[in-house]
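User: I have a few questions about a model. Please keep the answers brisk.

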Amino acid sequence: MLDLTAIPIVDNHCHPVLLSQHMDALRFRSYCTEASDPSFAEKHVPNTVYYLWLLRQMATVYGCERNEEDILATRNHLGSDALLEHLFRAANIDTLVLDPAYPLSTECYTPERMGQLGHCRMVKMLRLETLMQQLILDYGDFDEVIEHFSTQVSSAHKHGYCAFKSIVAYRTGLNIAEWSKDEATASFAQARAEAIQQGQLRIAYKPLIDYLLHIAFQHAAEQQLPVQFHTGYGDSDTDMRLGNPLHLREVLERKDYQTMQVVLLHESYPYCQLGAYLAAIYPHVYFDLSFAIPFVDKLEMMAFTRQALSVAPASKLMFSTDGIYIPEMHWAGALRGRSVIGQVLDEMIDADELDEDQAYDIAQQILHDTAYSVYKL
Ligand SMILES: [Zn+2]
């Protein structure tokens, strides 16, 4: 059995955790599903295979009884700082690549504090749609929005960001099109009206988002900054039909975007084979293997890991957890990732596809090396 515990991981996509970790069972469970309807936390989460697995792992790491009540009481008793430090150290993390735009920063540990408590390096990415929303709230004139947006994205590298992230799949879909300035301006007027009326904005205006994304892509290509795209599995906000990474074809084909590395997040689940295919064909496409979210069990994780490794080079694959809200996610994702990757590589050794040294080298690339080169760590 391949033992990967000694490889320090780069978690190439994750989020901050909440400052207040004291929570009851319903709240804890609500962070273990993408469903927003409360009936899932009440009735269904305790009947999912991945949750039952998570509870058993927690009982082991906290040294307590295996029932949910004892497990949560033990974690609550530890206190937030100690909990985070304990779990992150156990995960053996080299670097966290954080998307600090979600959850709300006022409720979360700062990225810097996450790095301190995790005894690891922390780097940040810039979420493009959050920046767009803020600028549309701040400025009534589209040219002003474009100017400020361009300034910020063109200086992202200088300001220490290692990547951009786009959640356009959650808003208007990955079929990012090219629109005229007039079409984008009309779309901006609608968004601005919503912003003024509601005092806030959830940007879901296609010509506007697509137009601004193309500006970001040009600057990403110029700075050779990677762009992470949410693909596939998400909450009901996402139209899964438009979360298929094949919709990115026009962006991937653009000659002037070839120096912008594209990272397809969450193994594009359930479009895993399609995403891995893109990483196998396009030199600038990378494929993220995410082991805490989407919420699926180990057998399914082995299936997508097998598919990715069967199709794409390991130098195009990167580990992540997508950990968020609770530090158990980051820790369990690390535990899961090492074990799943190890087990799939074992199968490949048994099938005489790889020898043991080659398998270990592949694991090293997925858990650590590929991300080092993509984010220039
Ligand atoms: Zn995420």
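User: Which residues make the nonpolar surface patch of about 410 Å²?

Analyst: A caveat to begin with: this is a predicted model. Patch residues must have over 30% relative accessible area and no salt bridge. The patch is made by Leu246, Leu274, Tyr277, Ile281 and Val311.

User: Which helix gives the most to the nonpolar patch?

Analyst: Ile281 is one of the patch residues, and its place is in a helix. That helix spans residues 272–281 and gives three residues to the patch. The helix is H13.

User: Is Ile281 buried, partly exposed or exposed?

Analyst: Buried means under 20% relative accessible area, and exposed means over 50%. Ile281 has 47% relative accessibility. It therefore counts as partly exposed.

User: Which residues coordinate the zinc ion?

Analyst: The donor spacing in sequence is H-x1-H-x306-D. The donor atoms are NE2, NE2 and OD, at 2.1 to 2.2 Å. The coordinating residues are His13, His15 and Asp322.

User: Is His15 buried or exposed?

Analyst: The cut-off for buried is under 20% relative accessible area. His13, another zinc donor, is at 0% and counts as buried. His15 has a relative accessible area of 4%, so it is buried.

User: How many residues of strand S1 are buried?

Analyst: Strand S1 covers residues 9–14. The strand is mostly covered. The count of buried residues is six of six.

User: Which residue in S2 stands opposite Val10?

Analyst: S1 pairs with strand S2, residues 93–98. The pairing is parallel, over four bridges. Opposite Val10 stands Thr95.

Key
Residues numbered from 1 in each chain as written. Predicted model: local features only at pLDDT ≥ 70, side-chain atom pairs only at ≥ 80, totals over all residues. Heavy atoms only, no water. Donors = N, O, S within 2.8 Å, 3.2 Å for Na, K, Ca; no water. Buried < 20%, exposed > 50% of the residue type's maximum accessible area, 1.4 Å probe, protein only. Patch = residues over 30% accessible without salt bridge, like charges linked within 9 Å, V, L, I, M, F, W, Y side chains within 5 Å. Areas by Shrake-Rupley, 256 points an atom, 1.4 Å probe, with all protein chains shown as cover. Salt bridge = Lys/Arg side-chain N within 4 Å of Asp/Glu carboxyl O. Helix = DSSP H or I, 4+ residues; strand = E, 2+ residues; numbered from the N terminus. Pairing = 2+ DSSP bridges.
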